[in-house]
Structures are given as structure tokens and as C-alpha cells.
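Open the model in your viewer and keep the selection tool ready. The tour goes stop by stop.

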Amino acid sequence: MSTLQNPSPAPSPHFPDLPRADTPKRQLAHPGRWISAVIGLALLALLVRAFAMGQIRWDVVGQFLTARVIIVGFGWTLLISACALALGVVLGFAFGIMRTAANPTLRLAAWLYVWIFRGTPVLLQLLIWFNIGLVFPRLYIPGLIDERMVDVITPFVAAVLGLGVNEGSYLTEVVRGGIGSVDRGQVEAAHTLGMTPGQTMRRIVLPQTLRLILPALGNSAVGMLKFSSLAATIAMGEMLNAAQRIYFINGAVIELLFVCAIWYLAGTTMLSIGQFYLERHFGRGAAGSEPRKPWFRMRPRRAAV
Amino acid sequence: MSLAVKAVGVRKSFGSHEVLKGLDLEVAYGEVLCILGPSGSGKSTFLRCINHLEVPNSGYVWVDGSIMGYEPRGGVLQELPVARLRAQQRRLGMVFQHFNLFAYRTVLGNVIEGPMVVRGLRRAEAEARAMQLLDQVGMAGRASSYPAQLSGGQKQRVAIARALAMEPSVMLFDEPTSALDPELVGEVLEVMRGLAKGGTTMIVVTHEIGFAREVADRVLVMIDGEIRETGKPEQVLSEPRDPRVRTFLSRALS
């Protein structure tokens, strides 16, 4: 403290042996990090060895990894996931906006949707969509459509409806929360400029909501890719279903399940990378927005303050 | 001297707490009115009632030829559809204490938003006018910056340009310098001084007594939801008649 009161550049007489300003500095050694790295590598080696020595024919895994049936199945997996996610996002925004509406009928309708579709298992919903023809044998809309329900609700349509409508109920709550976290002042500013509720929602609230909920949407996309495997139970020939049909014949159960795991991991990894760039793109203009570094480039994160 | 704003018996309660206890006010075109008063006296609520961001529980505000939010019809005040209310609100430019700039729009994007979306101007036209306004508030050089990159004083100057871009009949300022670091207050007051000199009708809720003394045509002191004193700044600020106004001013000036 005495140095603070003493502006003289010379070392304080109370501390005659203080080091010079250009004294070199040495970093802390962090031996714990090296030890944990060694232990981690050892455990990993053990795990790899266990699987390598285990009852898995890795050549079969390699052989089926690029089998045509599996690739086509993965294509269906991607298509179901994309369609169901798109449906879920549309429903989520529609009902999420309704949840914040001034009109109580709209609010109640959206609440009812969430209550039903978030409150029952998605597998159950898939089975009900797939068997909806038992309730409504014909789909009849005057002047538009008149068909047998089983012809309309194919396994693909049932999968997309089941997964999409269910996801929509979760996203409704996400969107409602996102709209609620947009600063009230932004809305007031829009009102004082004379923007109508519709203009305010479209131009000011929704673009900010989208930024707020992007991480949640990324979660949804990753989740959807995995949940699409449930469609295997309603005879939809996506990847897991294709793998099952193969191992019922050749008995290579674990090998084909591993093939699926590898493809699912590849898919979710690509989605995570896409999400990172999407968030960075929409993050421009945000407070303190220096570009983040991708986690997959393995740079150290800045310490939390 | 024609009337721009007239408040008639404006009352407002939040729950059981009565914030505004029946306020009357007249502001003429070209007039600069400063509203002073201690924190919690209802100044900001009153200003927000004028542009209908808060709806008065009773009484009403007449602006520029019509009653805000209502239409007299067969002896009652009929509530207006929201689109017609917004058309009224855009005639009142509002500057907020916390700026409320659109976070993900550039400075220029903030200023052209209202003219393009609400007034239907073409982009080129809106941008040309916006650049003039940004020049007027000294922010033309930062047109492509985002709000997060600006200081508080710069944000507030952009907010003023954004409000002016709607070509309002009256400008409302809700404690425009209260959220600023002391050294940034001057640049905002300078812009407001320029507007006042240019003949803009202004209602300014503020704690800057020096600004009120210098720029206001009239000052009004609110305490506990009532107008305690109103008049020329030199009279009200130097020789207040009301004892509570005298106490408030002596505290504020010390």
C-alpha cells in the first residue's frame, strides 16, 4: 500500500530487494493435467482393447457400414427427421405465438395442444397415427380429398406426423419462452413507431426469439435424428429397421447395431457443427460478440468470469 | 398558439397504489415543457400515458386533434382498434431512458425501420432521410455499427434520430440522460437543445435542472402523482411558491 502513496519510480525503501520490471515469469506446471491425460489414455486403451478382443466381428461392421440397404435406410432417417423437424418448427412457432396471443380462445387452443401431445409418449403417438384408419376409415374433405385412410397414412406419413406433432408441442413451449424473454422495451419502441402487433411480431420479436431459441432448436434437430429410429416400430424402412431386417437373417446383431451407432453419431456431429455456424451467424450484433471458436477445433475455452 | 397536447383528469393506479391523481395539462405547438420531480412521483407514468403506452384508468389525453386510444361516440369513449391507436402513437416520438434500440439492427437499420415498415417509404428514400438525421445527431459516421458497439450517449442520439424519422408532431423524452455516465450527458443534451431551438414541440421528463432552466419554456413539478407547480423556469426554479417543491429543489440542487 505504501507504494501507492509514493509515486516515485524508485523501489520503495521498505522493499529494497523487489525484482526488476523485466524479470522473466514462469507459468504454473499443472501436473494434474498431465496425470489425468495419462490415466485417460490408459482407460481409453483398455476400452478399445476390450472391444477389439470382444465377440464382435469388426470386418462385418466394416462390410455393412456402406451396404446399400443401410445407406438407403440412413437416407430415410434423414428425410423423416428433416420433414418432422420442419413440421415441428412450423407448429411450434404457430402455437407458440398463439400462447402469447391476447385472444383467450387461441391461448387455450395452444395450451390444449401442448397438454395432449407433450403429455403422452411419442412412441404411443406414432402407433396411434399409424393405426388412425381404425378410427377414421376414410379421409373425406368435401371437394378436396376422399381416400381410404390406410392409403393416405403410409408409414412415412405416420412417422413424420407422429414425430413432428410431438416435437411441435415441445417447441411451442420453447417459442413461448423465447418470446417472453425478448426485452419489453423493444416491443414498446416498436409500438411508439406505430408498428402494428403483426409488424412488431414479425420484424422485432420473432427475429430476436429465433436467436434466443437456436440452441434449443439444435437440441431438437439432434433429438429428432435419434427419435426417428422409433419409426422402425411402424414398419418404416429407416436405418434401424433396415439393420433389424438384416440381423434377423444373418444373426450379426451387435455388428449391425454398431453400424447404426456410427451413422447416427456422424449425423449428430454434422448437426452440431451446423448449429455452431448458425449460432455464430445470428450472434452478430450481440453484446461482446467476438466470433466464438468452434469446439471441434479443440482450442481452450476462455475461463468463465 | 394552438394546442398540441391536452391531458384531462388523467388517473392511473397500479394495484391499489394510485400513481397519478387526476392530472390536467396543456402543451402548445413549439413549446418545450420539462417535467421535474423526485423519483416515484409519477413523471414517467404520466409521459407514458400521453402516448398510451400506459392506459389511464380514467381521464384521457388529446393529441394533435384526436383522443389517444378512443373515439367519442354517442356519449361514450369507444376504444379504438389497435391499428388506429398505432397511427396515433406514431405522431408522438418517444425517447426511452434505456434507449430500446433494436438490438440486431445496425444504427441505420434502426432509423429506417419505422419509415419503411410503417410509413411505406422506399429503402433509398428512407436511407437518405435517415443519413440526414444521423448527421444531425452526429452519428452519421457510425451508420453501420450495431447498438452493442456504441456508448450510452451514442445510443441515445441514435434513438432520437429514430424517433425523428417518423416526423412526429411532438417529441417525448423519458429521462433520456438518467442511464448515462456523467461525461456522456452533455452530448445528448446538446442534440436536444438543437431540437428545441429548431421549434420542436417537446415534453421532457428529466432530472437535469440546469437543462430545464436553460431550454424549457415552462417547467412542471410533480410530487406524489400531483402537479404541484408549473410556470416559467426562472420563477419555478428560483422562487417556488409550494413548500414541497422548494424542499425538492433544494435537495436536487445541493
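**First stop: an exposed proline**

Select B:Pro243, which counts as exposed at 52% relative accessibility. Here buried means under 20% relative accessible area, exposed over 50%, and partly exposed in between (1.4 Å probe, protein chains only). B:Pro243 sits in helix α9 (residues 243-253) of chain B. Helices (H or I, at least four residues) and strands (E, at least two) are DSSP runs, numbered from the N terminus.

A word on the model: it is predicted, so local features need pLDDT of at least 70 and side-chain atom pairs count only at pLDDT 80 or more, while totals for chains, interfaces and linings use all residues. Residues are numbered from 1 along each chain as its sequence is written, chains are lettered from A and ligands numbered from 1 in the order in which they are written, and side-chain values use heavy atoms, without hydrogens and water.

**Second stop: a buried histidine**

Go to B:His52, in the loop between α1 (43-50) and β4 (58-63) of chain B. B:His52 is buried, at 9% relative accessible area. Which residues does B:His52 touch, not counting those up to four places away in sequence? Show B:Met68, B:Gly69, B:Tyr70, B:Leu85 and B:Gln89. Contact means heavy atoms within 4.5 Å.

**Third stop: the cores**

A nonpolar core is a set of buried Ala, Val, Leu, Ile, Met, Phe, Trp, Tyr and Cys residues joined through side-chain atoms within 4.5 Å. The largest has 52 residues. Select B:Leu134, B:Ile160, B:Met171, B:Phe173, B:Met192 and B:Met202, which have the most contacts inside it. Helix α6 (residues 182-197) of chain B gives the largest share of this core, 8 residues. Apart from it lies another core, of 37 residues, including B:Ala4, B:Leu25, B:Val27 and B:Val117.

Return to B:Met171. Beyond four places in sequence, its contacts include B:Gly93, B:Val95, B:Ile160 and B:Met202.

**Fourth stop: between the chains**

Color by chain. Here 24 residues of chain B contact 23 residues of chain A. About 2200 Å² is buried between the chains, and carbon and sulfur atoms give 61% of that area. Buried area is the accessible area (1.4 Å probe) that two parts lose on being put together, summed over both. Pick out B:Arg86, B:Phe102 and B:Tyr104: they supply 31% of what chain B buries against chain A, more than any other three residues.

**Last stop: helix pairs in chain A**

Chain A has 12 helices and 2 strands. Of its 305 residues, 35% are buried.

Select α4 (residues 68-99) and α11 (residues 239-250) of chain A: they pack at about 150°, axes 7 Å apart. Axes are lines fitted to C-alpha atoms, for helices over the stretch in contact, and angles run from 0 to 180 degrees between N-to-C directions. α4(A) and α11(A) are therefore roughly antiparallel. Angles under 35 degrees count as roughly parallel, over 145 as roughly antiparallel, 65 to 115 as roughly perpendicular and the rest as oblique. On α4(A), show A:Val69, A:Ile70, A:Gly73, A:Phe74 and A:Thr77; on α11(A), A:Met239, A:Ala242, A:Ala243 and A:Ile246.

Finish with α10 (residues 197-227) and α12 (residues 253-282) of chain A, packed at about 170° with axes 10 Å apart. That makes α10(A) roughly antiparallel to α12(A). Among the residues that meet are A:Leu210 and A:Leu214 in α10(A), and A:Tyr264 and A:Leu271 in α12(A).
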